[in-house]
Amino acid sequence: MNNLTTLSYFIFLLPLFSFLINGLFLKSSYRKTAGFISVILNGFAAFIAIYLSYVYFASGIAPGRMILWENNFLVFSSSLKASIGLLLDPLSAMMLVVITFISFVVNIYSIGYMKEDRSTTRFFSFLSLFTFSMLGLVVAPNLFQMFFFWELVGISSYLLIGFWYEKPGAVSASKQAFILTRFADSFFLLGIVLASYIIGSFDFFALNTLSLADFLDEINLGIISISKAQALFVSSILIFIGGWGKSAMFPMHIWLPNAMEGPTPVSSIIHSATMVVAGVYLVARLFPFFSLFSDTLSLIMTVGIFTALFAAVIACTQKDIKRILAFSTLSQLGYMMFALGSTSVLINGEMAINTLGYSASIFHIFTHAFFKCMLFLIAGSLIHAVHHNDLDSMGGLGKKMPWTYAAALIGCLAISGIPPFSGFFSKDEILIAALQGKHFIVFGLALLTSGLTAFYMFRFFFLAFHGNARSVHTAHVKESFSMTLPIVILAIPSFLGGYLFKKVFLKFFTPGYIPTSNVSESLHSANWVPFAAAIIALIGIFLAWVFYARPYANVKKALDETNRKTFYKWIYHKFYFDEIYYAFVRQFIFKGVAATIRFFEDYVVGGAVKGSVFIIKKAGELVREAQSGFAPFYIGTLIVGLLLWRFLGNLPV
Amino acid sequence: MIHFLIPDLLLLILPFLIVVSRIFSSKRSLIPWYVAFLGLITIFVLLNCITVGETQLFLSNWKVDRFGILMREFLVLAALMGISFSKDYFNHTSDFTPRMHQLSEFMGTVIMATFGGVVVISASDLLTFFIGLELATIPMYALTAWNKKDSEGSEAATKYILMGSVATAFELFGFSYLYGFSGSMHFTDIAASVLINPSSPLLWISVLFLLSGIGFKLTLFPFHTWAPDVYEGAPTPVTAILSVTSKAVAISFVTVLVFGPLNGVKEQMAPFLALLAGTTLFVGNLGALKQYKLRRFMAYSSISQAGYLLIALLGPYEFALSSIVYYLFIYAFSNFLTFFIFGVIERNRPETFDSLRGLSKESPILAVALVIALFSLAGIPPLAGFLGKFQLFYSAAQNHHYVLITFAILNNVLALYYYIQLIKSAWVEPADPTAYRLIVNLRQKVWIIILSVAILLGAILPFLNDNIFKIINY
């Protein structure tokens, strides 16, 4: 295995070199060289990663864990050490392949996409920095290294969202993303401090193999004394909050749609395929630890399913194609989250773990990465072609961009869960897992979400590619090679990934040490679920076709949000049924449900944020006004402060 | 063998050497500058050569221990950065009028204050302790008023000295009660009496006054009111020195006190310390939110950093001390880096956020260094500031102060918000075409690069941090 260790260093070093060369040594005028270096180095990294994981899976060690290398990094005390290393297990091997491969593809795409940009070298160096930090995150054998790279990933995301810093929208979006995820990360950090103090280790292995019976003695948390097991429960919630923010679950989702201000390749790699799944990855990585606490799992499930449904409803109303995809990403992340949470099963009053949810969730990370990355790249191509983000200015692009059109069809079918496309297999397992866990409400909502997903994805598909052109730009659209090649490459795993890898995932992707029994065999198999899911998805597609692509469909009316008169005119109108459809869709779904949700989003979530900002601002003013500049007042504060602390200081006098 | 005293003696002699060399050289001669610079470097090297053994005592009231050696290294390094930063303010500009005069006396005063800090760390009785503190503070008053023609500087110095005197009175009052309570000036005797009678009112009145008095120097809430005015009014190099050296002396005063004579009542003091730390870092963060003047902003930022430093004291001895030393080093690097950048900017521009506009285009090195410094102050990995903060929190976690840690970590988000405002000015906002060009000389460039690299590598190469931990522990 020595060979592998040496090779594995290169997976990290190559993107790092690419970052350093592009960032430090290359002049900004060498644009083509920058792209070339990035593509070559990241391509080699992807090749090594694929080879490494092939050897790993073929060697018979899988699904066992192995540490290829580990060095001491920080010594906090003789017992508590933070190390830096490379952990190889099925989860990290899969992520290594996904990240390096997608990074390679996106780098190729960026050559075409960023051709006209002035600071291409900066872009490629940041992109490689991101790849490097993301790789460091997924192979971390301990919490400390994970947090380290977790933040580094956040910084590279901040740099890339704000890449076009001339745009005020991009700057405020990058700031919002950074600060909001930092807010969540502060809980994560707190959870790390708490857990590592109680367990005496940062190691995932120690966290994942502990048994609560060893932690019954009391610990004082400053205000209350609870048993160490309960304190670990608190820390599991705190650690989950870190993933909550990073994966943009409700209500911390607001940064993700705004992050679409960044260049599209960035949205494609960071804000759909890799970085945002870090939260799901965190839960998966620590799954045996989380599974000790069924309440934490329930929380994960609730947050996940709510986000899945909520984001899917919003996605139906968006016109900006990147935002549609962003909300779709949120919804799919919700899917992965709730799959992890729905693993807890009650059997005869005792909690057990159904590992199907775990492997389904990771399977969905895998399939989703490819088709969502591809869909974003397609969106980028469309935007590049018509110079506009809105569906208003697209339409009829299918004939102009045949390759993109075919790929988009594959992507939309995959995300909708139509067999035999990749999304079908993973989504299907998630649904079965939810059903087996007897989480019937969650199962129902998930089915509904799956229908909505098919609807909004095909709404996007039909409006962009079918019908008549609605913009003058569409007249001279053509596909460029470097932007179409990655899309075609990604279409292959999007099409076949599910079918080919299903067995691998079911065989190897088990969470490892689980304190309670694995119960998937004892549960009834639900053969009807795949059919139900596919039928619901087909209904969604059919509805989208009826509204947006049927011959004589009034696309203009369907897109028009301002025209309210239809509601009053619908009886007199010729297309009687049409009007019912439109009226129903617009007045009920768009204006009713979606408006309520949007209201909730704007006023409740936004209001809470605004409220706390307001309070902090006022308090800040108070501090500044106290700074009057009068020396007698200042000396007074000394005396008053002394008296204040006399009474507030908890002194035993 | 008293070889461990050599660096201290050299540090004491150095100010006089500088002033004497000034007398025997011409007016524009660089000899005093070289004497100071090389002298400090020599002392730093000597300090590193001292083998750290057991605690050494000289004449029963001069103590040299491992923490003391590390803090000496820190103080000497801070003085070195301080005088390097000041040098440009004494140089002749194109119109032959330097912004400040009498470099050698200035450097002598700075080094005298540094020696005061060394006395505080070495003290093992109340009298030495007090003399050290005053020796570290009085030169600061003089430095604040260094520009005699500058009325703002004089106003700042007046406020500083008035409030400083009240704070000194508090401290003396506390000392007198401590003496009355234990009947001895020596720390070991006081510690013994504290153990015997831990709930005596005399003791607690003295604790209250001592912490309030040092709260002034450490800029704890509500004794921080002088800091924004003085930081803004004093000459910029003095602000930098105040924010690092003065703060380091004050925190080592509290450390010596808490882990020395008052060790027996540390547990009972913890809620009070936690309250001081929490309010201070919150008020500092709130104050920094809407500032537009660079140094006033740094004043509030350093107030909140003092609150963070205090958190470490809640932990056990070895964690508290190693995290404080590490944090002070990183804080000094980040703070001086920021001040070096501000120094370049305020040379011919007003000292506001607006002067930073277009920095990324005009001088990418400065803009990148500013990001490194501010992100380190905000505690973002992989910069050293994160590691420093993590260790502070970890130290407090040893004694279960999770409420305070939660509060401090959430405050970090607030801090990030205002540091990003500054970065936004430097990176996003378009340049002001009428602003004067920035001039970066070689010394500034070298220091900016050294400090940026130190902050970057301080976390990635962990030997610095490991060494501190090992020195304190083994």
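**Figure 1. Where chain B meets chain A in this predicted model.** Here 56 residues of chain B are in contact with 50 residues of chain A; two residues are in contact if their C-beta atoms, placed from the backbone, lie within 7 Å. On the chain B side, the elements that each give two or more residues are H6 (151-182), H8 (201-217), H9 (226-233), H11 (266-288), H16 (384-398), H17 (402-427) and H19 (463-473). Helices are DSSP runs of H or I with at least four residues, strands are runs of E with at least two, and both are numbered from the N terminus. H17(B) gives the most to this side, with 15 residues. Sorted by type, the chain B side has 41 nonpolar, ten polar and five charged residues. Nonpolar here means Ala, Val, Leu, Ile, Met, Phe, Trp, Tyr, Cys or Pro, charged means Asp, Glu, Lys or Arg, and the others, Gly among them, count as polar. For reading the labels: residues are numbered from 1 along each chain as its sequence is written, while chains are lettered from A and ligands numbered from 1 in the order in which they are written. As this is a predicted model, local features need pLDDT of at least 70 and side-chain atom pairs count only at pLDDT 80 or more, whereas totals for chains, interfaces and linings use all residues.

**Figure 2. Chain B on its own.** Chain B is built from 19 helices and two strands. Its radius of gyration is 21 Å, close to the 23 Å that the globule rule gives for 474 residues, so chain B is as compact as a globular protein of that length. (The radius is taken over C-alpha atoms, and the rule is 2.2 Å times the number of residues to the power 0.38.) Along the principal axes, the C-alpha atoms of chain B fill a box of roughly 70 × 55 × 45 Å. Of the 474 residues, 61% count as buried; that takes 20 or more other C-beta atoms within 10 Å of a residue's own, with 12 or fewer making it exposed, anything in between partly exposed, and C-beta atoms placed from the backbone. Among the contacts in chain B with a separation of 6 or more, 78% come from residues 24 or more positions apart.

**Figure 3. The largest nonpolar core.** This core has 407 residues, and those with the most contacts inside it are A:Met374, B:Ile311, B:Phe336 and B:Phe393. A nonpolar core is a set of buried Ala, Val, Leu, Ile, Met, Phe, Trp, Tyr and Cys residues joined through C-beta atoms within 7 Å. Helix H13 (residues 317-346) of chain B gives the most to the core, with 21 residues. Leaving out residues up to four places away in sequence, B:Phe336 touches B:Met81, B:Phe85, B:Ala240, B:Val244 and B:Leu451.

**Figure 4. H18 and H20 crossing in chain A.** The axes of H18 (residues 440-465) and H20 (residues 528-548) of chain A come within 7 Å and cross at roughly 35°. Axes are lines fitted to C-alpha atoms, for helices over the stretch in contact, with angles from 0 to 180 degrees between N-to-C directions. The residues of the contact divide into 17 nonpolar, four polar and one charged. A:Arg459 sits in H18 of chain A, and with 27 C-beta neighbours inside 10 Å it counts as buried. Not counting residues up to four places away in sequence, A:Arg459 touches A:Cys316, A:Ala544 and A:Tyr548.

Figure 5. Most residues other than glycine have a negative phi, and most peptide bonds are trans. Another cis bond joins B:Phe221 and B:Pro222, with omega about -5°, and B:Pro222 is in the loop between H8 and H9 of chain B. A:Ala248 is buried, with 29 C-beta neighbours inside 10 Å. A:Lys438 has phi near 60° and belongs to the loop between H17 and H18 of chain A; A:Lys438 is partly exposed, with 14 other C-beta atoms within 10 Å.
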